[in-house]
Amino acid sequence: MKHEIKRELRTGSGERPERSRGTVSAADKAKAREVSLRRVGALFTAHRWPLIVVVAIIVASSIVSMASPFLLRAVIDKALPEQNVGLLVWLVAGMVAVAAITSAFGVVQTWISTKVGQQVMHRLRSDVFTHLQRQSIAFFTRTRTGEVQSRITNDIGGMQSVVTSTATSIASNLTTVVATAVAMAALSWRLSLISLVVMPPAVYLTRKVAQMRREITAARQRELADLNVTIEEGLSISGIQLSKTMGTAPALIARFVESSKRLIDLELRSDLAGRWRMASMNVIFAAIPAVIYLSAGLPATSGRMTIGTLVAFTALQSGLFRPLMGLLNVGVSLTSSLALFARIFEYLDLRVEVDDPTTPIDIEPSEVAGRVRLENVTFHYDDAGRPAVDAVSLDIPAGSTLALVGETGSGKSTIAALVARLYDPSSGRVTIDGIDVRQLRLADLASVVGVVSQETYLLHTTVRQNLRYAKPSATDDEIEQAARAAQIHDLISGLPDGYDTMVGSRGYRFSGGEKQRIAIARTLLRNPKVLVLDEATSALDTETERAVQQAFDTLSRGRTTITIAHRLSTVRDADQIVVLDHGRIIESGTHHSLVQDNGRYAALAA
Ligand SMILES: Nc1ncnc2c1ncn2[C@@H]1O[C@H](COP(=O)(O)OP(=O)(O)OP(=O)(O)O)[C@@H](O)[C@H]1O
Ligand SMILES: [Mg+2]
């Protein structure tokens with residue numbers, strides 16, 4: 001049987017190579033297998049007492065419910081024929097009591113297990129979010145946004161069912177099956193044996209369908225993640241802007257429609273696989289009572305059983321159907337649950353590339369002088385290919401200004417990122433006041449180095465909250481002062497809602513120059529000793545440019561400043577100017593000396 005399934009699988013995936021994303025890859029399966037049950041169990045150890053209570057309730061509940069068939073037999077074989085009203089009332093009351101008790105147990109059990117499930121989910125969600133926050137920029141450039149969202153919401157959401165349905169149903173099905181089997185044997189061992197004949201076909205069918213469903217579930221999960229990515233890429237502000245300006249809307253729509261359509265097929269197959277199995281199992285299980293009545297009537301197999309026993313037995317046996325099916329499905333539920341855990345653990349196991357040092361050097365950020373040095377720094381984005389920064393050495397005395405110029409792609413932003421330790425150099429080191437930045441706590445480094453980057457990112461909240469994000473303790477006064485210094489106060493206070501204006505998703509409410517000044521105000525609030533200014537390449541009108549320039553000047557006063565300049569006006573007054581080309585320094589000096597040298601800078605400035 002096993003061989004058959006394997007062969008089916010192999011040909012199944014071989015026939016449709018173009019749909020390889022739609023089938024379970026061997027790697028996926030291996031991953032699910034690798035997740036140790038111990039690790040999954042560890043998530044629940046904190047909740048062991050509630051879970052023990054749940055199991056106790058389940059066991060108690062199945063034992064109580066086993067009283068029913070015996071009460072029924074007594075009603076039919078004794079109370080009714082003897083017309084014993086007293087006994088009848090007791091028996092009937094017992095039947096109602098059994099139902100009431102098991103229902104009450106059920107409510108309590110659902111309450112506890114759902115609570116545990118939700119708590120575990122909450123932990124995982126928070127852990128994944130926290131861990132991903134610590135990931136370096138490199139992780140996010142590698143990963144599709146929709147993918148992260150899908151794992152945090154869909155996959156962890158799916159785990160809830162592991163606890164509330166998979167785990168509890170295993171426990172309750174197992175106890176019900178055992179209790180029912182014992183009760184059946186107690187009522188009539190002959191009939192019990194006869195009932196066993198349906199087991200082999202039931203097991204065979206379940207196995208076969210389980211295999212199918214597993215594949216479909218995995219494919220559906222991937223398709224959903226794909227759909228999420230398309231939504232993120234097609235319906236976020238940047239995405240929609242791109243698609244409108246590039247005219248890619250039809251292609252995006254086609255991709256979404258395709259993806260959505262594949263989902264129809266997958267859902268259909270998934271539901272049908274379930275239905276077919278249910279249908280065939282129904283027939284098999286419906287055959288059992290028929291066989292039982294038949295054997296009860298045949299002298300060879302009847303064993304002189306009473307009508308009460310027969311009725312009680314068939315009642316019991318019909319209750320065996322669902323839990324038995326459930327148990328046969330344990331493998332499927334477990335594998336799909338483990339696959340979910342595997343995807344989440346994969347995120348939790350990501351190495352933190354840029355991490356806090358184990359033994360950090362204590363510094364007082366406000367007492368840092370701010371001398372920045374790059375010592376023979378080389379940096380590769382990928383292992384292959386040429387370095388983005390190639391053996392760069394820089395010495396920027398505290399309080400001085402260094403301007404980086406060079407063609408697009410020459411490595412200016414990369415140097416800025418290395419100073420802020422968004423990446424670690426492949427070789428060489430970056431120091432502040434002589435201390436390697438890798439020896440500083442990331443939080444300390446963040447208070448020392450302020451970055452205003454090429455692309456300003458504003459949170460979807462009010463202007464005030466955006467500014468306060470930089471310094472949660474800032475008073476409204478401080479916020480206004482910073483905005484004034486950044487030349488943006490007048491504009492903000494002129495808005496109908498002033499500082500309570502919503503910036504809109506990613507700040508699209510504001511123009512590039514305005515956003516940049518908000519970002520400058522934000523950085524002013526943090527008051528860093530070292531400043532990295534990556535000027536926006538977007539052309540600003542002269543008036544805005546002047547305002548932004550003034551804001552930059554205010555910001556850089558008294559700080560070590562690394563400016564990536566696209567406007568030569570900024571560069572002219574810098575203490576040092578460094579010209580980069582393909583990640584290497586090709587010239588350096590002051591505006592004056594460089595113009596005299598008549599090299600690349602002179603050509604740029606001309
Ligand atoms: N996340 C990344 N992954 C791989 N390569 C990258 C990444 N970011 C930048 N690069 C590459 O590194 C090189 C330097 O890029 P960088 O952003 O530092 O240039 P830049 O001088 O700031 O350019 P611009 O003036 O256009 O802002 C470029 O060749 C770029 O393609
Ligand atoms: Mg850049």
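Two strands are taken to pair if DSSP finds at least two bridges between them. Helices (H or I, at least four residues) and strands (E, at least two) are DSSP runs, numbered from the N terminus. The structure is a predicted model, in which local features need pLDDT of at least 70 and side-chain atom pairs count only at pLDDT 80 or more, while totals for chains, interfaces and linings use all residues. Residues are numbered from 1 along each chain as its sequence is written, and chains are lettered from A and ligands numbered from 1 in the order in which they are written.

The protein is divided into domain 1, spanning 34-348, and domain 2, spanning 365-605; such bounds come from an automatic or database domain assignment. A distance of 55 Å separates the C-alpha centres of domain 1 and domain 2.

Strand E3 (residues 401-406) runs parallel to E8 and is joined to it by four bridges, with Leu402 having Ile562 of E8 as its bridge partner. Ile562 in E8 is also the bridge partner of Val532. Between E7 and strand E8 (residues 560-564) there are five bridges, again in the parallel sense, and Val530 is partnered there by Thr560 of E8. Strand E6 (residues 449-452) is in turn joined to E7 by four bridges and runs parallel to it; Gly450 has Leu531 of E7 as its bridge partner.

A residue is buried if 20 or more other C-beta atoms lie within 10 Å of its own, exposed if 12 or fewer, and partly exposed in between, with C-beta atoms placed from the backbone. Strand E7 (residues 530-534) is mostly covered, five of its five residues being buried. In a regular strand the side chains alternate between the two faces of the sheet. Both faces of E7 are covered, with Val530, Val532 and Asp534 buried on one side and Leu531 and Leu533 buried on the other. Strand E8 is largely enclosed by the rest of the structure because five of its five residues are buried.

An open sheet is formed by four strands in the order E2-E1-E4-E5, with antiparallel pairing. Its edge strands, E2 (389-396) and E5 (435-436), each pair on one side only. Strand E4 (residues 427-432) pairs with E5 in the antiparallel sense over two bridges, and Thr431 stands opposite Asp436 in E5. Within strand E1 (residues 372-379) lies Asn376, whose phi is near 50°, a positive value in a residue other than glycine. Asn376 counts as exposed because 12 other C-beta atoms lie within 10 Å. A positive phi of about 50° is also found at His582, which is not a glycine. His582 belongs to the loop between strand E9 (576-581) and strand E10 (584-589) and is partly exposed, with 15 other C-beta atoms within 10 Å.

Ligand 1 is surrounded by Thr141, Tyr381, Ala388, Gly406, Thr408, Gly409, Ser410, Gly411, Lys412, Ser413, Thr414 and Gln454; a residue is near a molecule if its C-beta atom, placed from the backbone, lies within 6 Å of it. Helix H17 (residues 412-419) supplies the largest share of this shell, three residues.

A nonpolar core is a set of buried Ala, Val, Leu, Ile, Met, Phe, Trp, Tyr and Cys residues joined through C-beta atoms within 7 Å. The largest such core has 67 residues, and Val419 and Ala521 have the most contacts inside it. Helix H22 (residues 512-526) gives the most to this core, contributing six residues. A second, separate core of 22 residues includes Met159, Ala210, Leu338 and Phe345.

Ser333 is in helix H16 (residues 330-348) and counts as buried because it has 20 C-beta neighbours inside 10 Å. The C-alpha atoms of Ser333 and Val449 are separated by 50 Å, at 116 residues apart along the chain. Tyr469 occupies the loop between helix H19 (463-468) and helix H20 (476-485) and is partly exposed, with 14 other C-beta atoms within 10 Å. Between the C-alpha atoms of Tyr469 and Asn598, 129 residues apart along the chain, the separation is 46 Å.
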